[in-house]
Structure formats: C-alpha cells, structure tokens
Amino acid sequence: MGRVKSAWAAPMLSALILVLFLAAWQLAVRDTSPTAGMDPEYAKLMGAAVNTGKSALPTPGDVAGKLWGAIQDPFYDHGPNDKGLGIQLGYSLARVLLGFGLAALVAIPLGFAIGMAPVFGAAVNPFIQVLKPVSPLAWMPLALYTIKDSNKSAIFVIFICSVWPMLVNTAFGVAGVRREWLNVARTLEVSAWRRALFVILPAAAPTIFTGMRISIGIAWLVIVAAEMLVGGTGIGYFVWNQWNNLSLADILLGILLIGLVGMALDRLLGLAASAVTWRE
Amino acid sequence: MRPYLSIEGIARRYGERTVFRDLWFGVNRGEFVCLIGHSGCGKTTILNILAGLEAPDDGALVMDGHEVSGPSLDRAVIFQSHALYPWLTALGNVAFALRSRHPKMPKSEIEARARAALTLVGLKDAADQKPSELSGGMKQRVGIARALSLEPAMLLMDEPFSALDALTRGTLQDEVVGLVGGGKQTAFMITHDVDEAILLADRIILMTNGPDARIAEIVTNPMPRPRDRTNLHRQPGYYALRNHIVDFLVTRSRLLAGTRPEGWTGRDVPHITPTDPVSSQPLETIAP
C-alpha cells in the first residue's frame with residue numbers, strides 16, 4: 001500500500017503544481033476592465049476609453065484552443081507566413097538532424113584519432129579550446145557570406161555547435177579505455193580495425209553517447225535562434241512571426257512545443273545511450 | 001640446449017632506478033614455473049615482458065629458438081583483474097578470442113568451441129551472462145576459458161587468484177591443476193602465495209626484494225604431479241619445501257636484497273631441492 005502511494009505521489013504532485021500554475025496564470029491575466037461585468041450593449045455605448053483593463057496576455061484556455069487547432073490540422077500550408085506547426089517543427093527537426101548527423105560523422109572519427117594519438121590531441125587541443133566557447137550564432141554571418149544560402153547556413157550553425165561536445169567526449173572516452181582491455185586485444189593480436197570497432201568503440205560508447213546527448217540539446221536550443229535570424233521556415237521562425245503578429249498565444253504554444261520536442265530528443269538519445277552502456 | 005622459453009638477461013629501469021636486472025631463467029616444454037616475490041620486485045613487469053606487452057630495457061626473450069618481440073596468440077595471458085569485456089557475454093568474450101585465433105572459422109564452430117571452453121571451467125549455464133552478472137570467481141573462470149580456448153603454446157598468469165576469497169581461490173587452483181597440471185601445458189605464473197606455488201609449480205623462482213631485484217635461487221618442487229591439495233602436506237619433502245619458501249619470503253628475500261655477492265652471476269643462480277632433514281622435523285633455518 002505504502003509503495004503504491006509513493007509511486008503515485010510524484011505524478012500527483014506534478015498534476016497539482018500544473019493546476020496551481022494554470023490557476024495562477026488564469027487569475028493573473030483575467031479581464032479586470034470596468035466593462036467586464038457590464039451588459040455588452042451598455043459596454044459598447046461606453047466606448048473604447050474604459051475598455052483597457054483586459055490583459056494582452058492569453059489565458060490558458062486561449063493557448064489550449066490554439067494547441068487543439070494545431071493538433072487538428074498540423075500540416076496545412078497557406079503560403080510562406082502561414083504553415084501548420086507540424087510543418088514548422090518538421091523543418092526545424094530536419095535541420096537539427098542534418099547538422100547533428102554531419103557533426104557526428106566528423107566529430108566521432110576525429111575524436112577517435114585525438115583519443116588514440118595523444119600528440120595529435122595535444123596539437124589540436126588549443127584550437128578546440130578557442131573554438132568551443134564561440135556562440136554558434138557568431139558563425140552565422142560568415143556562413144551566410146560563404147554558403148550564400150540561409151537554410152544551409154542554419155544547418156552549418158547546427159553542425160558547428162554539435163561538433164564540440166561529441167568531439168571532446170569521444171576523445172575523452174577513447175583515451176580512457178582501460179589499458180587491460182587494450183592489452184587483451186594486443187595479446188590476441190587483434191588488428192587495428194577490429195580493435196577500434198570491437199574494443200575501443202564499445203568501451204567508449206557510453207561517453208560518446210553522453211556527448212551526443214549534450215550536442216542534440218545544444219542543437220535544439222540553437223535552431224530556434226538560428227531560424228529567427230534566417231527566417232522562412234521552422235519553429236524559431238514561427239515564434240518570431242507570431243511576435244510580429246502580436247499573437248502571444250501562438251508564441252506560448254511555440255514555446256510549449258519546443259520544450260516537448262527537446263524533451264523527446266533527449267529521451268531518445270538517453271534510451272540509445274542506456275542501450276550501449278555496460279556495467280562492470 | 002636452450003629451454004622452450006628462455007629469458008636471457010632482462011632488465012627494467014626507470015631512469016636511475018633499476019627495478020630488476022640480469023634475470024636469466026627458462027621454462028621447459030610442459031613445465032609449470034612460478035615466480036614468487038614481494039611487491040615491488042617487478043613481478044608484473046616480468047610477466048608483461050613475457051607476454052610481449054612491455055619490452056625489456058636489456059636482454060631478450062627466446063621462444064622455441066626464435067627471439068620474441070611483441071605479444072602473440074601463442075602466449076595466452078590470464079590477467080589478475082580478469083580483464084573481460086563488460087559489454088560482451090561470457091560466451092562473447094571467449095568467442096572474441098577464438099575469432100582472433102581463427103579468423104576464417106565458421107561462426108557456429110566458434111560458438112561451439114567457446115561453449116566447450118566454458119563447459120570445461122564449469123560455466124556451461126552462465127555462457128550468456130554478462131561479466132557484471134558473474135561472481136569474481138566466475139569471471140576469472142571465463143578468463144581461464146578464454147586463455148585455454150586459444151590452445152596456446154604457453155600460458156601466462158599474473159596472480160590470477162589474488163583478488164578472490166580463500167575458498168574460491170582454492171577451488172580455482174584445483175581446477176587449474178586439473179586443466180594444465182597434466183604436464184602438457186607449458187605455463188608461467190606470478191604469485192605471492194606459497195601454497196599456490198607448491199600446488200601448481202614444478203619449479204619456483206624466488207626473487208629478492210626490489211629495487212635492483214634479482215633471482216636468488218630456483219627451487220625444484222620434488223613432489224610428483226598431479227599434485228593434490230588434500231594429501232600434499234602428507235608427502236615427504238612438503239614441509240622442507242614450504243618452510244624454505246616461507247623462510248625466504250619472510251627474511252632472506254630482504255637480507256639478500258640490494259648488494260650482489262662477489263662473483264655472482266645472473267646466468268648461474270643456485271638450483272635447490274629442499275629435502276627433509278633426517279629427524280623429519282621441519283627445517284629451522286637455512287643460512288642466507
């Protein structure tokens with residue numbers, strides 16, 4: 001009985017926090033104008049002058065209504081400035097996955113090389129240390145100038161921000177492979193390829209996946225900002241477009257969806273990481 | 001005539017500090033040799049040199065008439081810390097070694113051989129478990145199965161039982177006697193356990209304390225094999241042998257450390273076979 005109780009305690013508390021938050025939100029943005037309780041006909045006669053108390057912020061109901069609309073028709077396309085949220089999220093996800101995938105293709109082999117050759121690692125380390133803390137958006141002008149395509153520039157920005165955590169973690173994981181495991185491979189006269197694929201890779205996999213998880217989190221943070229800059233499509237552009245429309249309900253909906261998709265990406269990589277994690 | 005594996009004047013130095021030098025000994029075909037000594041005399045380094053994992057600073061290793069450099073599948077190692085790959089099952093660990101030995105062998109054959117090797121060490125039912133699900137003794141058994149499955153010309157063991165509890169250690173020692181004590185498998189083992197050495201080894205190499213360690217003497221185990229733990233201590237010569245080694249470890253390894261006697265040469269260390277004194281009392285002392 002006690003165990004059942006404790007299993008439900010956290011979700012119940014979560015639900016309670018949500019209810020309290022929604023109630024506080026509703027209360028904070030409620031209509032406090034003098035016309036609130038008036039007969040609508042009379043309010044009309046009073047004119048716009050007194051009709052100023054209503055908050056510009058949407059209520060939870062407004063956002064829920066938008067969400068319901070988005071769920072019912074996520075993939076409509078009514079021209080450049082009016083696309084369904086499914087389409088916008090799809091664009092963002094495609095950019096993130098492309099940039100992240102390219103980054104993985106570069107970072108994991110390079111990280112392997114750095115981890116296995118300490119001299120090479122020490123040689124490139126200063127460059128990594130300087131480039132790593134640069135905000136990925138700082139690359140945007142350079143990317144726009146050289147690539148001359150806003151969409152590819154956004155992908156490049158995702159690439160450049162995803163590359164570092166994967167590179168550093170792969171190098172760290174590869175360099176940290178137990179000497180005894182390598183010694184076993186040596187006494188078995190295992191070829192370099194087989195050693196890399198069947199000893200070092202599985203040994204370093206948990207660390208590599210930790211890097212990938214950090215990278216995808218950063219990529220998802222950066223794509224919103226990048227799309228606000230390059231415009232056109234994507235969830236970041238959607239949020240900025242709704243700011244221009246002054247539709248705060250849509251902005252809140254965008255924020256909610258960004259959070260949910262980000263959580264899903266993190267969970268997916270978390271699951272993948274636990275699949276390759278070994279226990280001693 | 002050279003022994004099957006001949007260690008010829010190897011040394012290890014770290015800058016000014018010499019761990020050991022001028023080490024000469026051999027292991028004959030089918031022989032089980034133990035090296036015994038305190039921590040710091042470079043035991044593990046010696047084994048690593050024999051395995052080819054480290055190169056000596058001086059001297060050479062000759063196996064079957066050929067100089068040895070680097071590791072080889074012919075010298076299988078049982079590591080102190082079992083050194084299993086935790087992401088593979090017990091079967092996977094043995095199969096990985098077998099695959100290295102036989103790159104072209106069909107998968108089914110590899111698996112059958114790996115299962116057979118695990119059955120040999122009593123792990124038939126644990127084949128599909130990961131090392132994390134196995135006890136310390138079972139893990140070391142997998143390590144033994146992995147090494148034996150290679151059918152190596154030489155088996156090298158680095159204190160393979162030192163991390164185990166006394167009961168498990170005894171069982172495993174008995175199993176090793178059964179598996180490699182028959183005189184067919186050439187083996188070399190590092191240990192600091194006197195009883196283990198007497199049970200397993202045909203000859204026991206005694207090392208002085210480091211630094212600048214050397215071989216003090218090589219003791220021949222007079223007891224016939226296969227040796228059996230249950231009646232070993234009733235056999236003539238057992239106490240003489242045991243007391244001689246214990247004496248060495250307790251006092252002489254320290255007294256003999258450092259300075260080398262006048263005219264001492266590493267190529268010609270004393271070979272000793274301790275025998276019971278006439279009174280059949282345990283030996284009191286042997287002068288250093």
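Trainee: Where do I begin with chain A? How many helices and strands does chain A have?

Mentor: Start with the make-up of the chain. Chain A has eleven helices and zero strands. Going along the sequence, the pattern reads α-α-α-α-α-α-α-α-α-α-α. Do keep in mind that this is a predicted model.

Trainee: And what is the radius of gyration of chain A?

Mentor: Set the value beside the one for a compact globule. For 280 residues such a globule would come out near 19 Å, but chain A has 25 Å. The C-alpha trace of chain A spans about 95 × 65 × 35 Å along its principal axes. As for burial, 31% of its 280 residues count as buried.

Trainee: Which domains is chain A divided into?

Mentor: There are domain 1, residues 1-55, and domain 2, residues 59-276. The C-alpha centres of these two domains of chain A are 37 Å apart.

Trainee: Let me try one residue. Is Ala275(A) buried or exposed?

Mentor: Count the neighbours. Ala275(A) has 9 C-beta neighbours inside 10 Å, so Ala275(A) counts as exposed. You'll find Ala275(A) in helix H11 of chain A, residues 248-276. Ala185(A) is 90 residues away from Ala275(A) along the chain, and their C-alpha atoms are separated by 24 Å.

Trainee: Which sense of pairing do S9 and S10 of chain B show?

Mentor: Antiparallel. Strand S9 of chain B (residues 203-207) and strand S10 of chain B (residues 215-220) are joined over five bridges. To spot the pairing on screen, look for Met207(B), which stands opposite Ile215(B) in S10(B).

Trainee: What do S1 and S2 of chain B form?

Mentor: A hairpin, with two residues between the strands. Gly15(B), in the turn, has a positive phi of about 60°. S1(B) and S2(B) pair in the antiparallel sense over eight bridges, and Leu5(B) stands opposite Val27(B) in S2(B). S1(B) also pairs with S4 of chain B (residues 58-63), again in the antiparallel sense, over five bridges. There, Ile7(B) stands opposite Leu61(B) in S4(B).

Trainee: Last one: how many residues does each chain give to the contact?

Mentor: Generally, the size of an interface is often given as the accessible area lost when the parts come together. Here we can count residues: 14 come from chain A and 17 from chain B. On the chain A side, the elements giving two or more residues are helix H8 (179-187) and helix H9 (192-230) of chain A. H8(A) gives the most to that side, with six residues. By class, the chain A side has seven nonpolar, two polar and five charged residues.

Methods: Residues are numbered from 1 along each chain as its sequence is written. Chains are lettered from A and ligands numbered from 1 in the order in which they are written. This is a predicted model: local features need pLDDT of at least 70, side-chain atom pairs count only at pLDDT 80 or more; totals for chains, interfaces and linings use all residues. Helices (H or I, at least four residues) and strands (E, at least two) are DSSP runs, numbered from the N terminus. The radius of gyration is taken over C-alpha atoms; the globule rule is 2.2 Å times the number of residues to the power 0.38. A residue is buried if 20 or more other C-beta atoms lie within 10 Å of its own, exposed if 12 or fewer, and partly exposed in between; C-beta atoms are placed from the backbone. Two strands pair if DSSP finds at least two bridges between them. Two residues are in contact if their C-beta atoms, placed from the backbone, lie within 7 Å. Ala, Val, Leu, Ile, Met, Phe, Trp, Tyr, Cys and Pro count as nonpolar, Asp, Glu, Lys and Arg as charged, and the others, Gly among them, as polar. Domain bounds come from an automatic or database domain assignment.
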